[in-house]
Every structure is written in structure tokens, then in C-alpha cells.
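Take a look at the model below. Let's walk through it piece by piece.

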Amino acid sequence: MSDKPAITADGYCTNTKPIPSTTRQINGHALGGKLVKMHGRRYAHCPCGRRPSLTDRGNLHRHKPPKE
Ligand SMILES: [Zn+2]
């Protein structure tokens, strides 16, 4: 992808908006693809290529983009 978000001076991705439809809720053993309706962390893809967890507001947590 050529459309990478900006990076802060200390190396963090500035994007906080998850890519729609990439949000996933994961709860421990649920990595096998089962739907789990108990509380778990939510993750979503970022345009930078990472998949950070989400805050309560649905924004991406601060994360560093992958190194090339
Ligand atoms: Zn990012």
C-alpha cells in the first residue's frame, strides 16, 4: 500500500481510525475463528499495516508502524 499514515517524531503511527470491517474481537482461545461474545479485546487493521487493539471509543491504540 502506498497510502501510509504519517508517523510522529518518536516513531508512532498517527492514524487512529481503524479500517472499517476489519474490526475483530478476540478472547484468548478464540483465535481459531470462533465468535466469542464475552469480553475480549477488539482489534482492527490500520492502513500502516499493523493490527493494534482498539480503545473503548473504537479508536486504534497508539502503535508503531511496521519497519520496512
Ligand atoms: Zn498505523
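What follows is a short tour of a metal site and of a ring with its neighbours.

## Ground rules

This is a predicted model, where local features need pLDDT of at least 70 and side-chain atom pairs count only at pLDDT 80 or more, while totals for chains, interfaces and linings use all residues. Residues are numbered from 1 along each chain as its sequence is written, and side-chain values use heavy atoms, with hydrogens and water left out.

## The zinc site

Start with the zinc ion: its protein donors are Cys13 (SG), Cys46 (SG), Cys48 (SG) and His63 (NE2), at 2.0 to 2.3 Å. (Donors are N, O and S atoms within 2.8 Å of the metal, or 3.2 Å for Na, K and Ca; water is not among the atoms, so sites may look incomplete.) Along the sequence, the donor residues follow the spacing C-x32-C-x1-C-x14-H. Cysteine 48 and histidine 63 both sit in the segment after β2 (41–43), so this pair ties together parts 15 residues apart in sequence. (Strands are DSSP runs of E, at least two residues, numbered from the N terminus.)

The angles among the 4 donor atoms run from 101 to 118 degrees, and the site is tetrahedral (four donors with all angles between 85 and 135 degrees). For comparison, the ideal tetrahedral angle is 109.5 degrees.

## Tucked away

Cysteine 46 is buried at 3% relative accessibility, and cysteine 48 is buried at 6%. Histidine 63 is buried too. (Buried means under 20% relative accessible area, with a 1.4 Å probe and protein chains only.)

## Charges over a ring

Now find tyrosine 12. Arginine 62 lies over its face, 3.7 Å from the ring centre, and the charged end of lysine 64 is also over this ring, 5.0 Å from the centre. (The rule: NZ of Lys or CZ of Arg within 6 Å of the ring centre and within 35 degrees of the ring normal.)

Notes: Four donors count as tetrahedral if all angles lie between 85 and 135 degrees; four count as square planar and six as octahedral if opposite donors are over 155 degrees apart and all others between 65 and 115; anything else is irregular. Helices (H or I, at least four residues) and strands (E, at least two) are DSSP runs, numbered from the N terminus. Buried means under 20% relative accessible area, exposed over 50%, partly exposed in between (1.4 Å probe, protein chains only).
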